[in-house]
Amino acid sequence: IDEDRLIANSLSSMPLVFNAFGPMAIDVKLATKVFRQLLPHFVHSVESIAFEHSPGRREDRFLADRSAFDVAVHVKTPEGGAGIVYVEVKYTEDMAGPAARWRDRYDEALKDVRLYKNPDSPILRSAPIEQLMREHALAQLAVDNGIIPRAMFIAIGPRLNRRANAAFVVY
């Protein structure tokens with residue numbers, strides 16, 4: 001957690017994540033009410049919430065980098081199994097880049113996760129799409145590597161952040 005960013009830029013996503021999800025991390029009953037309403041087919045109850053979370057930072061079986069989600073909401077699904085809702089939040093960020101340094105592991109992961117019709121598509125490698133691709137792939141790799149049986153990746157941004165919303169739509 002970047003303490004300078006957390007304290008000095010209250011409009012960045014990190015403070016927003018703590019302000020929005022902090023009360024739910026403390027009160028899982030509140031979190032359950034919120035997430036049951038948002039994702040009723042995926043969430044029966046919220047078990048815990050973790051911030052700046054990665055299922056395998058720098059591990060080769062994942063992305064071999066420092067990719068992490070803003071929030072990981074550990075849930076029980078309606079079927080009674082375990083699940084995680086991985087969340088990326090973009091508040092004021094324009095997602096203009098720069099893109100992460102491309103690694104060979106990303107090319108492998110794009111094929112491994114079976115999420116994309118064309119894993120060789122240049123758009124998956126371009127800012128701002130590549131960040132969403134990395135995180136979505138990381139969520140799938142958490143399932144594929146047995147960390148969790150089910151995962152969902154969601155991105156959240158305000159409607160007036162047109163660039164972030166355009167990236168969400170394109171992705």
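I started with E93, which is found in the loop between strand 3 and helix 4 (104-112). Helices (H or I, at least four residues) and strands (E, at least two) are DSSP runs here, numbered from the N terminus. A note on ground rules: this is a predicted model, so local features need pLDDT of at least 70, side-chain atom pairs count only at pLDDT 80 or more, and totals for chains, interfaces and linings use all residues. Residues are numbered from 1 along each chain as its sequence is written, and side-chain values use heavy atoms, with hydrogens and water left out.

**Entry: E93**

Is E93 buried or exposed? I found E93 buried, with a relative accessible area of 18%. Buried means under 20% relative accessible area, exposed over 50%, and partly exposed in between (1.4 Å probe, protein chains only). I then looked at what the E93 side chain reaches, and got the backbone nitrogen of Y91 at 2.9 Å. For a polar contact I need a pair of N or O atoms within 3.5 Å; within protein, one must be able to donate a hydrogen and the other to accept it, and residues adjacent in sequence count only if both atoms are side-chain atoms.

**Entry: helix 3**

Next I went to helix 3, residues 28-38, and looked up its buried residues: A31, T32 and F35. Those residues cover an arc of only 100° around the axis, which puts them on the same side of helix 3. The arc is that of the directions from the helix axis to the C-beta atoms. On the face turned away from that buried side I noted the exposed residues K29, K33 and Q37.

What do the buried residues of helix 3 pack against? I listed helix 2 (13-26), strand 1 (45-53), strand 2 (69-76) and strand 3 (82-89). Contact means heavy atoms within 4.5 Å. At the start of helix 3, I saw a side-chain oxygen of D27 reach to within 3.1 Å of the backbone nitrogen of K29.

**Entry: V46**

I picked V46 in strand 1. V46 is buried, at 4% relative accessible area. Leaving aside neighbours within four places in sequence, V46 is in contact with V28, A31, T32, F35, V73, H74 and V75.

Which residues of helix 4 are buried? I wrote down R105, Y106, A109 and L110. Seen down the axis of helix 4, its buried residues fall within an arc of 140°, so they line one face of the helix. They pack against helix 5.

In helix 5 (residues 129-144) I looked up A137. A137 counts as buried at 0% relative accessibility. Not counting residues up to four places away in sequence, A137 touches V113, L115 and Y116. A137 and E108 are 29 residues apart along the chain, with 11 Å between their C-alpha atoms.

R134 is also found in helix 5, and R134 counts as buried at 11% relative accessibility. The R134 side chain makes a polar contact with the side chain of E130, at 2.7 Å. Beyond four places in sequence, I found R134 in contact with L63, D65, S67, A100 and Y106. Y106 was on my list of buried residues in helix 4.

Just after helix 4, R114 takes a positive phi of about 60°, although R114 is not a glycine. R114 sits in the loop between helix 4 and helix 5 and is exposed, with a relative accessible area of 60%.

A64 is in the loop between strand 1 and strand 2, and counts as partly exposed at 26% relative accessibility.

The peptide bond from A127 to P128 is cis, with omega near 5°. I placed P128 in the loop between helix 4 and helix 5.
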